[in-house]
Amino acid sequence: MRLIFAGTPAVAVPSLDALVAGPHEVVAVVTRPDAPLGRKRVLTPSPVAARAAELGIPIVRATRLDEAATTEIVAYGADLGVIVAYGGLVREPLLSAPRHGWINLHFSLLPRWRGAAPVQHAIIAGDATSGAAVFQLVPGLDAGAVFDEITRDVGTDETAGELLDALSYSGAALLASVVDEIAAGTAVAREQEGEPTLAPKLGQDDARLDWTAPFDAVYNRFRGVTPEPGAFTTISGNRLKVLEARAAADDAPDLEPGALLVERSRVLVGTGSRPLELLRVQAAGKPAAAAADWGRGLPPGTERLDA
């Protein structure tokens, strides 16, 4: 079959590679335009665009799939559209343009966590199991019939970035298998069952740690927003990024929510229940540092993080 692949971030690259390695032809890649990155704001291709260039695949760069983008994509005459974290909506008439429509690899067990940030919301909610699903794209948000899915336990200390990276590879194999079944005419999709939950994109407000919450809620939120949008707290009104953290050892003393205990080799913060140990942090305008080094540099009398 002739395939159109739409994707943008690094987690979509394994899927592109899996499809290119298969028996089908990826005739073009659709991705978001180059974006300014770094302090110098250098225009940089998306990870998918960079990989497509390496593979010699034509690239369609589009912020949204409007009439002009649709005309360009339809001209490739694809039999199937495949989308993995593109970052935009596929609407009619593009949705029905390929003979087999479009399928989507989504990093959750649908209908749980429909939306832009399924892995992040799953971890914040404390889900013990996650996974990936390949479904038929329809106008409704992540509402199409599911061809196949995989499940995976969520590690106790696993961050959203780590889980998403793992699912990007196992999900790529799942996606390639479904594409093969569609080509062979053996694919069967089932309608989603159960009550949907939503996973909207996370913003900075979602990344602030609330030290008055119980430990599990604080730690799950830290894991769910790491590395993006990035967990943070404030100290004396100044932002402090929390880059690495873990549950404090059993010998840790009880601390009031937000209270800091700076010891020689560790920094503990109180929550609504047991303490969290900070491992690596980044103060505003400073490079990332081991939390113990940061803690030793605090002004005398600094006793707590802002709740």
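Are Tyr219 and Phe222 buried or exposed? Both Tyr219 and Phe222 are buried, where buried means under 20% relative accessible area, exposed over 50%, and partly exposed in between, with a 1.4 Å probe and protein chains only.

Hello everyone. A word on the model before we go on. This is a predicted model, where local features need pLDDT of at least 70 and side-chain atom pairs count only at pLDDT 80 or more, while totals for chains, interfaces and linings use all residues. Residues are numbered from 1 along each chain as its sequence is written, and side-chain values use heavy atoms, with hydrogens and water left out.

Let's stay with the rings. Searching the whole structure turns up 2 aromatic pairs. Rings of Phe, Tyr and Trp (its six-membered ring) pair if their centres lie within 6.5 Å; planes under 30 degrees apart count as stacked, over 60 as edge-to-face and the rest as tilted. Phe215 and Tyr219 have ring centres 5.5 Å apart and planes at 25 degrees, so this pair is stacked. Both residues sit in helix α6, residues 215–224, and they are 4 residues apart, about one turn of the helix. Helices (H or I, at least four residues) and strands (E, at least two) are DSSP runs, numbered from the N terminus. Phe215 and Tyr219 are both buried. The rings of Tyr219 and Phe222 have centres 6.1 Å apart and planes at 10 degrees, so they are stacked too. Together, ring pairs link Phe215, Tyr219 and Phe222 into a cluster.

The charged end of Arg239 sits over the ring of Phe232, at 3.8 Å from its centre. For this, NZ of Lys or CZ of Arg must be within 6 Å of the ring centre and within 35 degrees of the ring normal.

Now for charges that pair up. Side chains of opposite charge can pair when their charged atoms come close. A salt bridge here is a side-chain nitrogen of Lys or Arg within 4 Å of a carboxyl oxygen of Asp or Glu, and the count comes to 12 salt bridges. One of them joins Asp127 and Arg112, with the closest N and O atoms 2.9 Å apart. Asp127 lies in the loop between α4 (118–124) and β8 (129–136), and Arg112 in the loop between β7 (102–106) and α4, so the pair ties together parts 15 residues apart in sequence. Asp127 is buried at 14% relative accessible area, whereas Arg112 is partly exposed at 34%.

Another salt bridge runs from Arg246 to Glu277, where the closest N and O atoms are 3.1 Å apart. Arg246 is in strand β11 (residues 238–247) and Glu277 in strand β14 (residues 276–283), so this pair ties together parts 31 residues apart in sequence. Asp17, Arg51 and Glu54 are linked in a network of salt bridges.

Finally, the pockets. Which residues lie nearest the centre of the largest pocket? They are Ala85, Gly87, Gly115, Ala116 and Ala117, out of 40 lining residues. A pocket, found on a 1 Å grid over the protein atoms alone, is an open set of points where a 1.4 Å probe fits, with protein on both sides within 12 Å along at least five of seven lines; lining residues have an atom within 4 Å of a point. β7, α4 and α5 (160–184) each supply at least two residues of this lining.
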